[in-house]
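Please look through the sequence and the 3D structure shown here before reading on. The report that follows takes up one residue, then the chain around it, and then a second chain.

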Amino acid sequence: MAAIRFSNVFKRYSSGQDALLGVNFELASGEMSFLTGHSGAGKSTLMKLIMLMERPSRGQVWVGQQDLSRLHRSQIPLLRRQVGVVFQNHQLLFDRTVFDNVALPLQISGYDPADAARRVRAALDKVGLLDREKHNPIMLSTGEQQRVGIARAIVHKPRLLLADEPTGNLDPELSEDIMRLFEQFNQIGTTVLIASHDHSLINRMHHRVLTLRNGRLIADD
Amino acid sequence: MTNKRSAPDNTPRRGARQHRVESADRRRSWRRHHVSVAKGALLRLRQTPVASFMTLAVLAIALALPGFLLAALSNLQALTSGWDTQPRIALYMQTELSDAAIDRFSRELLLRDDLSGVELISRQKGLEEFREYSAFADLLEQLDANPLPAVIMVTPLSDNPVQLPLLKEELAAMSQVSDAVLDMEWVQRLDAVLALAQRGSYVLGGLLALAVLLVVGNTVRMTIESRRDEILVSKLVGATDAWVRRPFLYSGFWFGLLGGVLAWLLVQVALSLLSDPAQALAELYLNRFQLQGLGLEGSLLMLGASVLLGLAGSWLAVARHLREIEPGEV
């Protein structure tokens, strides 16, 4: 079963800029893949379409069994709860602790607080930040902040994990650590799609690579 | 454009187990969220005490004004309803007449079948009442003789507005009577004025309710702006509109409730300041009268209205601004 399927997807922004032009691909459930291309090639747009942060101008996007074009606005939250997202600018909230940042998706989904606390600690342990749970994320290094963002993305064990330039401003060693972390999640069955332009890193990882150029998918290998 | 579908070479051995949240859990967590959000919204008000107090003071004044006006009006209505609104005619007697002649005349009036009551206020009694209630009592001391005429108050049987003036004319034409005054008109006028004032308070109340709506709406809008990041992130990790809306609606609720309580206090204080002079005024009219506060019903109405206005104001802000904050531009 496909975790993600793009069928002849076009996206033109209201500014007139074409971000995606007839993109077709399928990502099988449990697969791990990289999405690469120059900046402005459409990587972020593709990610946003999966999260329904944007709607395609033409074509269809499927997540699991769900045709996103048939999804009503009120159903979007349920879709997003099945997906974990790691952002380049990590999107952490600086008015609360690391723990509370990671706990947010669980609170929203309505987990019991004790159960949620257990899961938050498990996720923080996974990214090696268990001792930082009471810190404010602003006190952490960029790499640590990125790992908090990853913990938040995986704390509710999503079926699908998206990461948009997760290693964008990290040094190579840290980048590789984070990629290995994604690999671990993939090994327990999570479908992983990572947008990155770090070619040397991608080449070392030996996974499927989708390449975008000017909104077209030009390579899939 | 190449695009082939390559089969994954590492097919999944098992899917990641999805967490399930049971419906009983969901209800519990819904209640939990309400409680925590209500507390959080209240704490947020306390975090900015000066700004919150300013907002609450504006709300309280805007709510207290119509509340006070309506309370004052209902008091006035209670006061005038205590009055005999049965029209009466005051007959001012010729001053040359002796007390005995006036007494006789008043007895003759009693025999008329178009009058239901006759009350004689002798010159002496008139003087005593004047002394007791008037600030000009000292003036009387300067005079040698009692300048006040005797007055006979008669109550006509009919309250027909056509017949009453005719009866008044007939009585005025009697030789013993120097003047006759039909005293119904000013009661009617007062009633009309009160009705107008009541209508005016409703209009004013409506305008001030609008002001409350806008003040709460604007305050909540600013809160929404300051929590923009939180809203974006929450929506990205699957928060529903209701979830995102909830803290702001609770802010509006607290503004309404606290503003209403403050307004209620303002009205009660204002009424208690008026209580003594109002009592003195009522005594002038020989009326037993106790100034009424808002009462239970009025108080509940006031609190209810302010809570509703607070909720409505925040709802307006939320409906207008939360949709604008969508995680598209992240």
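## A residue in a loop

Q82(A) lies in the loop that joins α2 (76–81) to β6 (83–86) of chain A, where helices (H or I, at least four residues) and strands (E, at least two) are DSSP runs numbered from the N terminus. This is a predicted model, in which local features need pLDDT of at least 70 and side-chain atom pairs count only at pLDDT 80 or more, while totals for chains, interfaces and linings use all residues. Residues are numbered from 1 along each chain as its sequence is written, and chains are lettered from A and ligands numbered from 1 in the order in which they are written.

Is Q82(A) buried, exposed or partly exposed? Q82(A) has 16 other C-beta atoms within 10 Å and is therefore partly exposed; a residue is buried with 20 or more such atoms within 10 Å, exposed with 12 or fewer, and partly exposed in between, the C-beta atoms being placed from the backbone. Apart from its neighbours within four places in sequence, Q82(A) is in contact with P158(A), R159(A) and L160(A), a contact being a pair of residues whose C-beta atoms, placed from the backbone, lie within 7 Å. Q82(A) and K43(A), which are 39 residues apart in sequence, are 21 Å apart in space, C-alpha to C-alpha.

## Chain A as a whole

Chain A has seven helices and 10 strands. The radius of gyration of chain A is 17 Å, close to the 17 Å that the globule rule gives for 221 residues, so chain A is as compact as a globular protein of that length; this radius is taken over C-alpha atoms, and the rule is 2.2 Å times the number of residues to the power 0.38.

Of the 221 residues of chain A, 48% count as buried. Among the contacts in chain A with a separation of 6 or more, 70% come from residues 24 or more positions apart.

## An open sheet

Four strands of chain A form an open sheet in the order β2-β1-β4-β5, with antiparallel pairing, and two strands pair if DSSP finds at least two bridges between them. In chain A, β2 (18–28) and β5 (66–67) stand at the edges with a single partner strand each, so one side of each is left without a neighbour in the sheet.

Strand β1 (residues 2–12) and strand β4 (residues 58–63) of chain A pair in the antiparallel sense over five bridges, and S7(A) stands opposite Q60(A) in β4(A).

## Domains of chain B

Chain B is divided into domain 1 (34–82 + 188–321) and domain 2 (89–183), with bounds that come from an automatic or database domain assignment. The C-alpha centres of these two domains of chain B lie 51 Å apart.

How values were computed: Contact = placed C-beta atoms within 7 Å.
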